[in-house]
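Subject: Structure for you to look at

Hello,

Here is the structure I said I would pass on. Please open it alongside this email, and the notes on it come after.

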Amino acid sequence: METTASTTTSLASVTLEVADVEAARHFYTAFGVGAHVHLRPSEAHTTGFRGFTLGLTVSNPATVDGFFNAAVDAGATVLKPATKSLWGYGGVVRAPDGTIWKIATSEKKNTAPDTGRIDEIVLLLGVEAVKTTRQFYTDRGLTVAKSFGSKYVEFAAGPTTPVKLALYKRRALAKDLGVPVDGTGSHRVVLGSTTDTFTDPDGFTWEPTAA
């Protein structure tokens with residue numbers, strides 16, 4: 001049955017599948033994002049790039065450094081050191097469970113102290129065909145908030161989570177994160193659905209969240 005306006009899907013939660021839940025919980029608490037992700041155990045096979053990243057947008061470079069250093073101190077691996085670029089300031093780390101996180105701000109000048117606050121969280125999926133996957137999600141009722149043709153699409157956040165869903169070309173995303181594009185097996189992430197269980201064109205799984 002086709003999705004109707006009364007049963008539209010929205011992103012309700014993000015669950016990371018990890019080998020050691022207690023170790024992951026300790027890391028994410030120390031990192032400062034524990035309230036925004038769920039964890040569950042999984043031994044699913046996965047190699048290389050998992051096809052997604054979680055991004056934190058913050059207000060200034062000092063706050064980027066605060067989250068970045070907290071992640072590294074808790075055991076994250078640096079993929080890209082925090083540095084200034086044309087678009088702002090940011091860096092990329094890989095959590096001990098394998099999830100890649102990007103921490104960034106559009107500000108280049110470090111003129112304010114670390115606020116310790118997250119302005120926005122984006123779950124960015126690397127997909128083969130942005131337009132095709134965008135259509136898949138709009139057919140399920142997600143609302144497009146930003147769109148840059150076939151390169152990038154961002155959907156409006158749902159009512160129960162601050163995490164926004166976005167789409168980017170898989171190869172471009174891997175390049176931006178500083179990792180090889182190749183990867184096989186499980187994505188090791190499950191998106192919480194406000195409706196039913198389904199899988200998108202790139203193999204990302206959605207499951208209903210508990211009431």
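Below are notes on the salt bridges and on one asparagine.

This is a predicted model, in which local features need pLDDT of at least 70 and side-chain atom pairs count only at pLDDT 80 or more, while totals for chains, interfaces and linings use all residues. Residues are numbered from 1 along each chain as its sequence is written, and side-chain values use heavy atoms, with hydrogens and water left out.

Salt bridges

Side chains of opposite charge can pair when their charged atoms come close. A salt bridge here is a side-chain nitrogen of Lys or Arg within 4 Å of a carboxyl oxygen of Asp or Glu. The structure has 7 salt bridges.

One of them joins the side chains of Arg40 and Glu17, at 2.9 Å from N to O. Arg40 belongs to strand 2 (residues 38–41) and Glu17 to strand 1 (residues 11–18), so this pair ties together parts 23 residues apart in sequence. Helices (H or I, at least four residues) and strands (E, at least two) are DSSP runs, numbered from the N terminus.

Arg40 also forms a salt bridge with Glu207, at 3.1 Å from N to O. That pair links distant parts of the chain, with Glu207 in strand 15 (residues 205–208), 167 residues from Arg40.

Glu17 is buried at 11%, Arg40 is partly exposed at 28%, and Glu207 is partly exposed at 28%.

Another salt bridge pairs Asp196 with Arg140, at 2.5 Å from N to O. Asp196 sits in the loop between strand 13 (189–193) and strand 14 (198–199), and Arg140 in the loop between helix 3 (130–139) and strand 9 (144–148), so the pair ties together parts 56 residues apart in sequence. Asp196 is partly exposed, at 36%, and Arg140 is buried, at 12%.

Asn60

Asn60 is in the loop between strand 4 (52–57) and helix 2 (61–73). The relative accessibility of Asn60 is 5%, which counts as buried. A polar atom of the Asn60 side chain lies 3.2 Å from the backbone oxygen of Pro113. Leaving out residues up to four places away in sequence, Asn60 touches Thr105, Glu107, Ala112, Pro113 and Thr115, where contact means heavy atoms within 4.5 Å.

Regards

Definitions and conventions. Buried < 20%, exposed > 50% of the residue type's maximum accessible area, 1.4 Å probe, protein only. Polar contact = N/O pair within 3.5 Å; in protein donor to acceptor, adjacent residues only side chain to side chain.
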